[in-house]
Amino acid sequence: MKEIAASDQHLVQAYIKGDHTAIEVLINRHRSKVYTYILLTIKNHPLAEDLFQETFIKVIQSLRAGKYKDNGKFLSWVIRIAHNLIIDHFRKEKQMNSISNDDSEVDLFNSKKLSDENIEELIINSQIKSEIRTLINELPDDQREVVLLRHYGGLSFKEIADQTDVSINTALGRMRYALINLRKLIQEKKLSLTVY
Amino acid sequence: MPMVKISTLFYRVDGFDDLNASSTNPVIMDLCIGDQYLDTLLAPLCYDPGEALVRTILEKV
């Protein structure tokens with residue numbers, strides 16, 4: 001019989017009631033989105049790993065302290081926590097411009113045994129990833145922020161507006177300009193972002 | 001504007017012929033199209049921190 005995956009809401013409640021395996025399922029379910037969001041914002045793999053850990057430690061502590069108000073948007077809540085930790089980090093460091101732009105795509109090649117075909121596919125995918133990352137990095141900070149919060153966190157524009165301390169219209173406008181800019185960049189660079 | 005199913009992102013980008021439109025263009029304002037565009041564009045952009053990092057977190061708390 002096919003097992004139906006428990007909802008985030010169900011897992012949160014299970015964890016609060018003492019089922020410690022539930023949090024592991026939740027973290028594993030969302031780890032890629034949360035990590036990608038942090039990495040694309042912070043642009044540094046080791047730092048992203050630290051903030052990823054901090055984010056979920058805070059998530060767990062908040063759940064234990066009964067601070068989570070369940071509105072069925074667990075991932076959005078986690079992304080907001082990550083966003084706040086990133087802001088805290090930038091405030092502490094005050095060196096936003098000196099953050100390195102290291103690309104650790106090379107890690108991919110060490111992750112598993114690969115056949116020649118897999119390697120070729122991996123290289124192409126890695127190239128596509130790199131090109132898309134370049135596009136995202138070329139967006140102005142405020143536009144990139146809205147794109148990442150929307151795509152990886154699934155935040156509504158009201159939530160994005162609250163999170164970034166702007167009006168909803170401003171958040172919508174930033175998204176609009178981000179989409180225009182992305183498409184212009186794709187055309188200007190004549191990028192093909194698919195594998196044929 | 002009705003949604004058109006298209007198979008590749010490159011074609012998708014070409015399919016939207018409103019690059020010279022003003023920022024008030026209702027097509028770009030359409031959130032569904034915007035979300036779908038981002039879903040397609042950013043789909044390959046996914047980084048996995050790995051299970052080991054998750055285990056590290058669970059050991060810490």
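The model is predicted: local features need pLDDT of at least 70, side-chain atom pairs count only at pLDDT 80 or more, and totals for chains, interfaces and linings use all residues. Residues are numbered from 1 along each chain as its sequence is written, while chains are lettered from A and ligands numbered from 1 in the order in which they are written.

**Overall build**

Chain A has nine helices and zero strands. Read from the N terminus, its elements run α-α-α-α-α-α-α-α-α. Helices (H or I, at least four residues) and strands (E, at least two) are DSSP runs, numbered from the N terminus. Two residues are in contact if their C-beta atoms, placed from the backbone, lie within 7 Å. Among contacts in chain A with a separation of 6 or more, 64% join residues 24 or more positions apart.

**Two domains**

Chain A is assigned domain 1 (1–101) and domain 2 (103–196). Such bounds come from an automatic or database domain assignment. Where the domains touch, domain 1 gives eleven residues and domain 2 gives ten residues. On the domain 1 side, helix 2 and helix 4 of chain A each give two or more residues.

**Meeting chain B**

The contact between the chains takes 35 residues from chain A and 27 residues from chain B. On the chain A side, helix 2 (21–42), helix 3 (45–64), helix 6 (116–138), helix 7 and helix 9 each supply at least two residues. Helix 9 of chain A has the largest share, ten residues.

The table sets out the classes of residue on two contact sides. Ala, Val, Leu, Ile, Met, Phe, Trp, Tyr, Cys and Pro count as nonpolar, Asp, Glu, Lys and Arg as charged, and the others, Gly among them, as polar.

| Side | Residues by class |
|---|---|
| Chain A, touching chain B | 17 nonpolar, nine polar, nine charged residues |
| Domain 1 of chain A, touching domain 2 of chain A | four nonpolar, five polar, two charged residues |

**A look at helix 8**

Which residues are buried in helix 8 (residues 157–164) of chain A? They are Glu159(A), Ile160(A) and Gln163(A). Down the axis of helix 8 of chain A, its buried residues fall within an arc of 100°, so they line one face of the helix. That arc is taken over the directions from the helix axis to the C-beta atoms. An α-helix has 3.6 residues a turn, so residues three or four places apart point the same way. The cover over the buried residues of helix 8 includes helix 4 (74–93), helix 7 (141–153) and helix 9 (168–188) of chain A. After helix 8 of chain A comes Asp165(A), with a positive phi near 60°.

Note on methods: A residue is buried if 20 or more other C-beta atoms lie within 10 Å of its own, exposed if 12 or fewer, and partly exposed in between; C-beta atoms are placed from the backbone.
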